Amino acid sequence: MTKATNEAVTVAKKEKIDSVTLTLDESVMIGDREYTEITLRKPYAGNMRGISITQLQSGDTQQVINFISKVSDWPIQAVERLGLGDFNIINNLVLGFLFPKNLSDLLQGLKESGAEIQVLTTKGM
């Protein structure tokens with residue numbers, strides 16, 4: 001069973017986070033397309049091709065941009081145009097996916113700071 005959570009970003013222990021959608025504070029325009037939110041899918045090992053996990057964890061901007069493009073439907077050009085506030089929140093989400101046991105707490109903290117976040121979960125076995 002899949003469900004989206006908007007009001008509270010509480011995730012039961014047996015639920016697995018499949019994706020996180022962030023409503024941007026500043027939209028991004030690329031050509032005629034306006035991006036107002038970004039959805040990050042749960043990454044898998046294959047998403048790490050060409051990306052250094054050490055540099056990703058340390059917040060290397062180019063590595064984070066490449067990774068965001070791989071786990072979202074955004075082209076790199078759009079990711080590069082993100083406002084710094086939105087980019088910082090997304091970078092925190094990326095780190096949360098790298099450390100999944102801490103992701104629920106991270107999401108709750110971001111929500112409490114005013115970020116508009118939706119979480120898509122599935123029940124674990």
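This is a predicted model: local features need pLDDT of at least 70, side-chain atom pairs count only at pLDDT 80 or more; totals for chains, interfaces and linings use all residues.
Q: How do you know that the span of α4 agrees with its 15 residues?
A: At 1.5 Å a residue, α4 should span 21 Å. Its end C-alpha atoms are 21 Å apart, so the two agree.

Q: What makes α4 roughly antiparallel to α5?
A: The axes of the two helices come within 9 Å and cross at roughly 160°. Angles over 145 degrees count as roughly antiparallel, so α4 is roughly antiparallel to α5. The crossing is left-handed.

Q: Which residues make the contact between α4 and α5?
A: From α4 come Ile-89, Asn-92, Leu-93, Gly-96 and Phe-97. From α5 come Leu-103, Leu-106, Leu-107 and Leu-110.

Q: How many residues of each class does the contact of α4 with α5 have?
A: Seven are nonpolar, two are polar and none is charged. Gly counts as polar here.

Q: Why is Glu-80 called partly exposed?
A: Its relative accessibility is 47%. Buried needs under 20% and exposed over 50%, so Glu-80 counts as partly exposed.

Q: Where does Glu-80 lie?
A: Glu-80 is in the loop between α3 (76-79) and α4 (84-98). Its C-alpha atom is 9.5 Å from that of Thr-61, 19 residues apart along the chain.

Technical notes: Residues are numbered from 1 along each chain as its sequence is written. Side-chain values use heavy atoms; hydrogens and water are left out. Helices (H or I, at least four residues) and strands (E, at least two) are DSSP runs, numbered from the N terminus. Buried means under 20% relative accessible area, exposed over 50%, partly exposed in between (1.4 Å probe, protein chains only). The expected span of a helix is 1.5 Å times one less than its number of residues. Axes are lines fitted to C-alpha atoms, for helices over the stretch in contact, and angles run from 0 to 180 degrees between N-to-C directions. Angles under 35 degrees count as roughly parallel, over 145 as roughly antiparallel, 65 to 115 as roughly perpendicular and the rest as oblique. A crossing is left-handed if the near helix is turned anticlockwise from the far one by less than a right angle, and right-handed if clockwise. Contact means heavy atoms within 4.5 Å.
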